[in-house]
Amino acid sequence: MDVIRTAIGLMSGTSMDGIDVALIRTDGRGFIERGPFLGVPYEADFRGRLKRALELARPLTDRRERPAELREIELELTERHALAVTVFRQRFGLSADAVDVLGFHGQTVLHRPDEGLTIQIGDGPQLARRTGLPVVYDMRANDMVHGGQGAPLVPAYHAALAGKLQQAGEAVCFVNIGGISNLTYIGADGRIAAFDSGPGNALIDQWVEMQTGRTYDPGGEIGGRGKVVPALAARYLESPFFRGNVRRSLDRGDFAPLRPEEASLEDGARTLAHVAAASIVKSAGFLPESPSTYIVCGGGRLNATLMAEFSAMAEELGSRVLSAEAAGCDGDAMEAEAWAYLAVRSLEGLPLTFPSTTGVASPVTGGVLATP
């Protein structure tokens with residue numbers, strides 16, 4: 001009989017806006033019982049520290065290397081995750097023995113799949129000591145050792161969810177719009193295909209912060225007042241990333257932000273929302289077939305301008321677009337839930353990645369276990 005464990009997933013994504021904390025009960029296979037979720041935002045000063053970490057990581061060639069300042073930021077990040085777990089447990093009345101494992105993503109500061117290099121900061125053993133809980137961390141590395149891109153990892157969880165959401169004969173595609181967007185296709189026959197699809201929120205967030213000091217475009221209202229600048233949109237959408245049959249995973253820095261003089265605030269935000277939507281549709285052209293339904297999770301689903309663009313493009317191709325909530329999921333919690341699910345799969349020695357998701361040679365497990 002499969003063992004059902006209670007796991008907390010911790011995700012700090014490419015948007016670098018905070019820590020998502022979610023609890024599930026699962027056997028790491030088909031049984032999933034979703035629990036509570038909590039978002040813990042980073043303060044502005046620490047967001048600045050994480051941006052500094054991106055700069056410090058840029059010259060590194062060894063994923064274990066930690067220059068002194070980067071190590072300081074890593075410990076600060078780990079401490080914030082420990083506090084987030086404490087707040088979460090207190091908020092939802094979870095006793096010390098109610099949780100079996102933490103799935104710890106850490107913060108990606110460098111991702112160069114073509115060089116077989118990915119660096120996530122976050123000290124798993126320190127988090128285990130601080131929380132008193134077993135921690136599974138560093139889940140991308142083994143995939144890259146075996147020839148994979150190290151991303152995306154969430155498809156294993158999407159595939160488990162799809163079994164509950166799919167209608168007979170229907171292909172579904174999960175779209176996660178974070179700083180970078182990614183797709184997970186699940187065919188009617190259970191076939192999985194997954195890859196990064198292009199820029200998501202990161203370019204919009206960078207643009208709005210550069211122009212206003214605000215960290216994002218709430219609800220897409222700024223972009224909603226603007227118009228698409230075709231030449232700027234084309235510059236992104238004609239990227240070599242969208243050509244060729246080999247999909248690759250993206251780093252936050254792969255698409256350069258707009259320069260301040262290139263557009264008005266509103267037109268820049270609208271153009272980048274258009275780019276985010278069109279990127280999904282262009283990349284979906286590499287899927288085995290056009291999905292009947294797109295299920296959108298991640299912060300981008302809250303940008304009404306982006307979602308309107310995406311929905312219109314998808315409908316022209318005969319697909320419908322649903323928010324995660326409309327499909328019965330929690331679009332904020334899904335990535336953190338996935339990391340909890342992956343932690344349990346790691347404990348069971350089950351594959352986290354597959355040839356059709358990361359390009360790894362054969363299905364492989366991953367993750368490192370740290371005990372208190």
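Analyst: Let us begin with a residue pair in the sheet: D20 has G39 in β3 as its bridge partner. Please keep in mind that this is a predicted model.

User: What makes β2 and β3 a strand pair?

Analyst: Pairing requires at least two bridges between two strands, and 8 bridges join β2 (residues 18-26) to β3.

User: In what order do the strands of the open sheet come, and why are β3 and β13 said to stand at the edges?

Analyst: The order of the 6 strands is β3-β2-β1-β4-β7-β13, with mixed pairing. β3 (32-41) and β13 (368-370) each have a single partner strand, so one side of each is left without a neighbour in the sheet. From one strand to the next, the twist averages 20 degrees.

User: Which helices pack on the sheet, and which strands do they touch?

Analyst: Helix α2 (residues 68-91) touches β1 (5-11), β2, β3 and β4 (101-104), and its direction makes about 50 degrees with that of β2. Helix α11 (residues 334-348) touches β1, β2, β3, β4, β7 (135-137) and β13, its direction making about 130 degrees with that of β1.

User: Why is the pair of Y236 and F255 called tilted?

Analyst: The centres are 6.4 Å apart, which falls within the 6.5 Å limit for a pair. The planes make 40 degrees, and since stacked needs under 30 and edge-to-face over 60, the pair is therefore tilted. Y236 lies in helix α8 (residues 230-237) and F255 in the loop between α8 and α9 (265-284), so the pair ties together parts that are 19 residues apart in sequence. Both Y236 and F255 are buried, and together with F241 and F242 they form one aromatic cluster.

User: Why is V321 called buried, and what is it in contact with?

Analyst: V321, which lies in strand β12 (residues 320-323), has 17% relative accessibility, and because buried means under 20%, the label applies. Leaving aside neighbours within four places in sequence, V321 is in contact with Y294, V296, M307, F310, S311 and A314.

How values were computed. Residues numbered from 1 in each chain as written. Predicted model: local features only at pLDDT ≥ 70, side-chain atom pairs only at ≥ 80, totals over all residues. Heavy atoms only, no water. Helix = DSSP H or I, 4+ residues; strand = E, 2+ residues; numbered from the N terminus. Axes fitted to C-alpha atoms, helices over the stretch in contact; angles between N-to-C directions. Contact = heavy atoms within 4.5 Å. Phe/Tyr/Trp six-rings, centres within 6.5 Å; stacked < 30°, edge-to-face > 60°. Buried < 20%, exposed > 50% of the residue type's maximum accessible area, 1.4 Å probe, protein only.
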